[in-house]
Amino acid sequence: MKKQEKEAIMADLENCGRVTRLAKKRAAEAMASQQQQQPSKKRVVLGEIQNFSNVGVSQIKGLDTQPKKPKSKQQQSKRKLKKAVTSKIVKEELNVDNVDANYDDPQMCSAYVSDIYDYLRKMEIEEKRRPLPDYLEKVQKDLSANMRGVLVDWLVEVAEEYKLLSDTLYLAVSYIDRFLSTNFITRQKLQLLGVSSMLISAKYEEISPPHVEDFCYITDNTYTKEEVVKMEADVLKTLNFEMGNPTVKTFLRRFTGVAQEDYKSPNLQLEFLGYCLAELSILDYSCVKYLPSLLAAAVVFLSRFTLQPNTHPWSLALEQYSGYKAADLKECVLILHDLQLSRRGGSLVAVRDKYKQHKFKCVSSLTSPVEIPASFFEDTRQL
């Protein structure tokens with residue numbers, strides 16, 4: 001290539017570069033002037049919004065760019081009054097505060113908690129998840145209600161020994177009752193059924209469940225590892241591996257939350273007393289016939305009566321959230337009342353000793369009046 005041709009090509013490339021740089025410069029100047037003419041949009045971080053229901057769409061998308069004028073004190077007071085009156089009207093129409101609307105805790109699942117409990121209420125009445133209310137009379141010939149009570153009382157101690165969740169205890173008792181509803185066993189195998197059921201429920205509920213050897217040890221090696229595993233398999237087959245089951249504790253959590261609405265701050269005595277009465281209920285064979293939700297409602301009824309014996313223990317809020325009227329709970333409450341006063345199961349002391357501890361506010365030492373007024377079982381709407 002000749003020298004003149006090379007110089008011509010280099011000149012053309014240089015001119016192209018100048019044109020490209022000039023075009024970029026002009027485009028940048030045009031964009032800058034356009035941005036100066038348009039107002040910037042307000043950006044909102046969704047994590048800063050505490051209550052989504054109070055934020056408009058325009059605020060979330062950044063369209064609300066006009067600054068609002070500060071309201072006068074008179075306007076603010078009028079707004080507060082209007083809000084208070086509206087809130088009162090809504091409460092009167094609903095006859096209950098919405099305890100499910102807890103936006104601060106995402107684990108409360110406030111958007112669909114009602115659907116969850118509707119599902120649990122349907123699940124608890126399924127025949128496959130319910131024990132026979134009279135299985136000791138119809139199926140078992142070598143067992144008695146007292147033997148069952150002694151076993152459950154001992155399982156309470158086992159749960160305390162291994163620091164197991166109360167949910168594990170309730171599930172274990174549920175497995176025992178369901179198994180005994182269809183399978184005959186001798187009294188020599190009753191404790192084996194207890195530890196095997198506890199082993200299954202611990203595997204289902206606990207992060208680090210005890211080993212099979214631990215349950216053999218807790219029975220003073222009355223049963224071998226092979227026997228425990230064999231009984232575990234029998235229980236699983238009988239239950240058709242239907243391990244998930246709503247218990248008293250499942251519903252007690254919610255009903256206690258509703259009952260706490262009467263207090264300015266959480267009442268730990270009410271909560272622990274409910275746990276104590278609920279565990280007393282699983283000791284008594286006569287409570288097997290009641291649905292877990294009804295037992296939980298009766299526990300809350302008696303807990304409130306114990307702490308405030310001169311105040312009606314049931315409310316419209318509890319009636320709405322539990323689905324039970326005070327009259328529906330009468331028979332179950334009276335049984336629980338007898339358990340609380342040791343008129344039933346007085347020899348079974350594990351639950352009472354457990355809840356005499358200071359960490360549980362010594363609630364098992366609390367006593368309620370000997371008689372519950374009949375008026376407390378009347379319709380709350382009439383009061």
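**Notes on aromatic pairs and packing**

1. Let me start with Tyr285, which counts as buried at 12% relative accessibility (buried means under 20% relative accessible area, exposed over 50%, partly exposed in between, with a 1.4 Å probe and protein chains only). This is a predicted model, in which local features need pLDDT of at least 70 and side-chain atom pairs count only at pLDDT 80 or more, while totals for chains, interfaces and linings use all residues. Residues are numbered from 1 along each chain as its sequence is written, and side-chain values use heavy atoms, leaving out hydrogens and water.

2. Phe272 and Phe360 form an edge-to-face aromatic pair, 5.5 Å centre to centre with 85 degrees between the planes. For reference, rings of Phe, Tyr and Trp (its six-membered ring) pair if their centres lie within 6.5 Å; planes under 30 degrees apart are stacked, over 60 edge-to-face and the rest tilted. Phe272 sits in helix 12 and Phe360 in the segment after helix 16 (350-354), so this pair links parts of the chain 88 residues apart. Helices here are DSSP runs (H or I, at least four residues), numbered from the N terminus.

3. Lys249 lies over the face of Tyr275, at 4.9 Å from the ring centre; the rule asks for NZ of Lys or CZ of Arg within 6 Å of the ring centre and within 35 degrees of the ring normal.

4. Lys249 also turns up where helix 7 meets helix 11. Helix 7 (residues 166-180) and helix 11 (residues 248-259) pack at about 135 degrees, with axes 9 Å apart; axes are lines fitted to C-alpha atoms over the stretch in contact, and angles run from 0 to 180 degrees between N-to-C directions. Ser166, Asp167 and Tyr170 of helix 7 touch Val248, Lys249 and Arg253 of helix 11, where contact means heavy atoms within 4.5 Å.

5. Finally, a look at Thr219, in the loop between helix 9 (212-218) and helix 10 (225-238). Is Thr219 buried or exposed? Thr219 is buried, at a relative accessible area of 5%. Leaving aside neighbours within four places in sequence, Thr219 is in contact with Trp154, Gln191 and Val195.

Note on methods: Helix = DSSP H or I, 4+ residues; strand = E, 2+ residues; numbered from the N terminus.
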